[in-house]
Amino acid sequence: MTASNDIGALAAMMFARALESALLTRADCGFQLLSSGQEAVAVGLAAALLPHDQLLCSGRSIAPALARGLDPGLVMAELIGRAAGPCLGRGGRGHLSQPSAGFFGAHAVVAGNLSIAAGVALALQARRDGSIAACLFGDGACGAGALHETMNIAALWRLPLLLVCDNNLYSVSTPRAAALAPRQLSDLATPFGIKACTVDGMDVRVVREAAVALTDHVRNGGGPAFLECISRRFASHSTSARETRGKKELAADRELDPIKRLENALLAEGTLSAQTVEALREEVRAKVMAACAFAEASPLPVPEEAFADVG
Amino acid sequence: MSAEPVRMRRVFFREAICRAVRETLDADPNAIVMGQDVGAFGGSYREFSGLFERFGPARVRDTPVAEAAMVGLGIGAAAAGLRPLVSITYMDFVLLALDPLVNYAAKARFKTGGQIRVPLVVKLTAGAKGQGVAHSQSFESWLMSVPGLRVVAPSNVANAYGLMRSALQADGPVVYVDHKRLFPTSGPLDDSAPEVPFGMATVSRPGRHATVIAHSYMVSVALAASGVLAATGIDCEVIDLRSLAPLDLATVCTSVSKTGALLTLEEGQVACGIGAEIACQVQARLGPVRVSRLGAVPAPVSSNSVLEAASLPDAARVAEAVRRLLRTPEIPPPHRG
């Protein structure tokens, strides 16, 4: 599956959704932040990245990791704390990471990965090979000083950094309008001379087009860029957070489902047939089952691991 | 063929730091320096003098006044292949950068199962020298309680050089704490001065009656107090910890086994301080010994010279603390059968 084409993007979004659903059926799924509803942002962004780029993200990491191409079995193992995970089961969803696969990874402190990503961009800039760092964060991070500090330095030093705000309109229960003053969050980048735009984050083709344009700008030495994607999350903030939105709002959000939206568009355009959709679903089901089976077969870490790799 | 004679020079504290950093930047093309005024200005204490001219603005980078981002960038750059030294002029301002330092740098190797390492040095200048409540603090004990951070604090020219060389070769984050009152000091440093490994304290003055442990500027205060006490027949052993995390308990315990009395001395707060940690660990190893702690009084440190002097340990207070410690009844060593 490659997200650079529409069917690949559809399959990637379906896969992230299905893997999360499978995760939730497990009694041991633990504390998770789901990407459900926001798959188009992760998949559209990942389509614009090249193998030697690095992606960093917030604790809402499942769709970003899968979209970046991490092995789903390894991801599932990490999510349920198994030793076969890339972080040996120590990082979990909040700190999922595999730099060798271009996924520097998640950091679960809101806004905590922004300056780290700029540092990664500084190291990539020194390599002079055109590689870039992309950092995916929520609207909650836009209220933190870290974003201001990071944009200032990134603009001054023309760092190869793409900042992507996945604005799902809520910080846990607080609506975006009650937390952030700017009219659009991409407006935050304007005073720094950072190229910025806001797009519909529920349309993967729109996200991909914007991400490609901005990664080109960053890759070609134009300095940092800022992409705001307006999205909707279908689940509550986390598996342990109460849902505060009403049924009407949630139903309206569901109408914007990026998977159905692309599927319907491709069917209408004639580039996808009902049979192909069914075949994709079957392929996704099989891959999810294989990922779960792989994770299930991996042991939990031994207690001595609590003291390993410190510092 | 005769061996080249080793050249011994007398250098200032700042020159020892500068030499260690310069040698590292010469040898390692991935090494960089970042911080406020580290560029053409040469550092607030001139400890980076000449580096900007030698290595240029890409490797010796002035930053905006943004400690959190400076440290965060240093961490990200270190994790992705560079070897940065991030300089923060006043240790007080590391508080702004504790999130990336504690939540990312100290955890990265562990949380990624060893995939990410953060070979970063954060250089902080601690201590009081007339600059007031928010520019005078010594927080070393806070940092040494964070698993994953190494914390070192030189007391003299040789340690300043040797610890910086080691810090710039470490494979994880190191906090290097120097001190405002050490910058005007000088000392001998030969051309082949050694690196100082972490976790190795040193005996700065041998003695028989009491052990005084200290680090950074307080080592010289302890030595001055020992001079005063020697005139009255009290012979102190002064231990320079040099490395706070990891701690060299063995050297401390060897000394305390001999003297039977321990005074811990630090410029920071006594509560939850370095002395509290060492006193507890020493007694866990040796059994009960006479122990006393000396540090700053539990109050902010004023820029007013009278108030600053009243709040911090000096040689007279250290000498008095040792006398008081030695007046307490001796605790017999535990019976060993």
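Analyst: The contact takes 32 residues from chain B and 30 residues from chain A. Two residues are in contact if their C-beta atoms, placed from the backbone, lie within 7 Å. This is a predicted model: local features need pLDDT of at least 70, side-chain atom pairs count only at pLDDT 80 or more, and totals for chains, interfaces and linings use all residues. Residues are numbered from 1 along each chain as its sequence is written, and chains are lettered from A and ligands numbered from 1 in the order in which they are written.

User: What makes chain A as compact as a globular protein of its length?

Analyst: Its radius of gyration, taken over C-alpha atoms, is set against the globule rule: 2.2 Å times the number of residues to the power 0.38. For 311 residues the rule gives 19 Å, and chain A has 19 Å, so chain A is as compact as a globular protein of that length.

User: How many residues of chain A count as buried, in percent?

Analyst: 52% of the 311. A residue is buried if 20 or more other C-beta atoms, placed from the backbone, lie within 10 Å of its own.

User: Why are strands E7 and E8 of chain A called paired?

Analyst: Pairing needs at least two DSSP bridges between two strands. E7 (residues 195-200) and E8 (residues 225-230) of chain A have six, in the parallel sense. In one of them, Thr198(A) has Glu228(A) as its partner. Strands here are DSSP runs (E, at least two residues), numbered from the N terminus.

Technical notes
Buried ≥ 20, exposed ≤ 12 C-beta atoms within 10 Å, placed from the backbone. Helix = DSSP H or I, 4+ residues; strand = E, 2+ residues; numbered from the N terminus.
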